[in-house]
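The structure in question is shown here.

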Amino acid sequence: MTDSTIRRPAEATLVTVAPTGAESRKAVVPALPVTLDELVAAASDCRAAGAAVIHVHVRDEEARPTLDVGRLADTVHALRAATDLIVQLSTGGAVTDSFERRLAVLEAGPDACSLTCGTVNFGDEVFANPWPFIRELYARTQELGVVPEFELFDLGHVATLHRLLADLGAPHGGHVHCDLVMGVPGGMPGDAATLTAAVASLPAGATWSATGVGRASLPVMFAALATGGHLRVGMEDTIFFAHGRPVSGNAQLVQRAATLAGLAQRPVMTPREARAMLGVPDRH
Ligand code: KMH
Ligand code: ZN
């Protein structure tokens, strides 16, 4: 296939990589990319392995999660200079981040952002996303021309997504794309029955990816491929490749997803195809 050929979404698989997250500590997970150089290297490796979107959390000099806008903007520039990946910044941040700082993420000028559609227990913590914040964040994506990906940690989040679209209309780019985040302790479980129920209630015409956290990674990936969905993988969600075997790097997870997508006869999408599907303008 040449890059000038755009396949229909159902014929190809979008692979998003979430390389870092806000939860794992570098001291415990040495392969986690936390510096800008490590992140750019991981991004390039993951692009080569089949990723089309990168979901980005950044860390400060001490490898702690940060939403510093200057750091985020530098990261967006560096990733664009090194790769043609769609750059999606996290507006979820860490559970300790304020709504104000999470809103300010959009000022860093990404192609896309995550937008979580409800509050969820998050292990021993709470990931807070009350309706007024969701509404304000969504309205800001529309004003600034950032394409949101709707993160759904629970079935109730799907109801809020419907409410959001009914209230404020279509997202920038005109297309609704969701990510089912499954297996978070406190959120929906990562199994095929729950995935099927969630997919059945999505808005008409929406596309979706699925992410299984921890040991839900493989069941969710198989269920998503069997159901016409797309995949998100990465060390934000998965730090063990198999029982007792730590992930060596993000590209290892992208490579496995690309192999499974190929076996399912839905090979990975290029970033250009992903832009066409998601309504993200081409920069190249
Ligand atoms: N770190 C979690 C509390 C997102 O990136 O939008 C939230 C999260 C979701 O990772
Ligand atoms: Zn995230």
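Predicted model: local features only at pLDDT ≥ 70, side-chain atom pairs only at ≥ 80, totals over all residues.

## The largest pocket

Sorted by class, the residues lining the largest pocket comprise 15 nonpolar, 14 polar and nine charged ones.

Two or more lining residues come from each of strand E6 (112-116), strand E8 (125-127), helix H7 (217-226) and strand E13 (240-242), with E13 giving the most, namely three residues.

## The second largest pocket

The second largest pocket has a volume of about 210 Å³, and its lining of 15 residues has Val34, Thr35, Leu36, Arg59 and Arg71 nearest the centre. By class, this lining divides into six nonpolar, four polar and five charged residues.

At least two lining residues are supplied by each of helix H1 (36-49), strand E3 (58-59) and helix H2 (69-82), and H2 gives the most, with three residues.

## The nonpolar cores

The largest nonpolar core holds 70 residues, and within this core the most contacts are made by Ile54, Phe150, Leu180, Leu195 and Trp208. Leaving aside residues up to four places away in sequence, Ile54 touches Val17, Pro19, Leu39, Ala43, Leu79, Leu85, Ile86, Val87 and Gln88. Another core, of twelve residues, lies apart from the largest one, and its members include Ala12, Leu14, Ala52 and Leu278.

Technical notes. Residues numbered from 1 in each chain as written. Chains lettered and ligands numbered in written order. Heavy atoms only, no water. Core = buried A, V, L, I, M, F, W, Y, C linked by side-chain atoms within 4.5 Å. Buried < 20%, exposed > 50% of the residue type's maximum accessible area, 1.4 Å probe, protein only. Contact = heavy atoms within 4.5 Å. Helix = DSSP H or I, 4+ residues; strand = E, 2+ residues; numbered from the N terminus. Nonpolar A, V, L, I, M, F, W, Y, C, P; charged D, E, K, R; others polar. 1 Å grid on protein atoms, 1.4 Å probe; cavity = no way out; pocket = protein on both sides within 12 Å on 5 of 7 lines; lining within 4 Å. Points joined across faces, edges and corners; volume = space filled by probe spheres on them.
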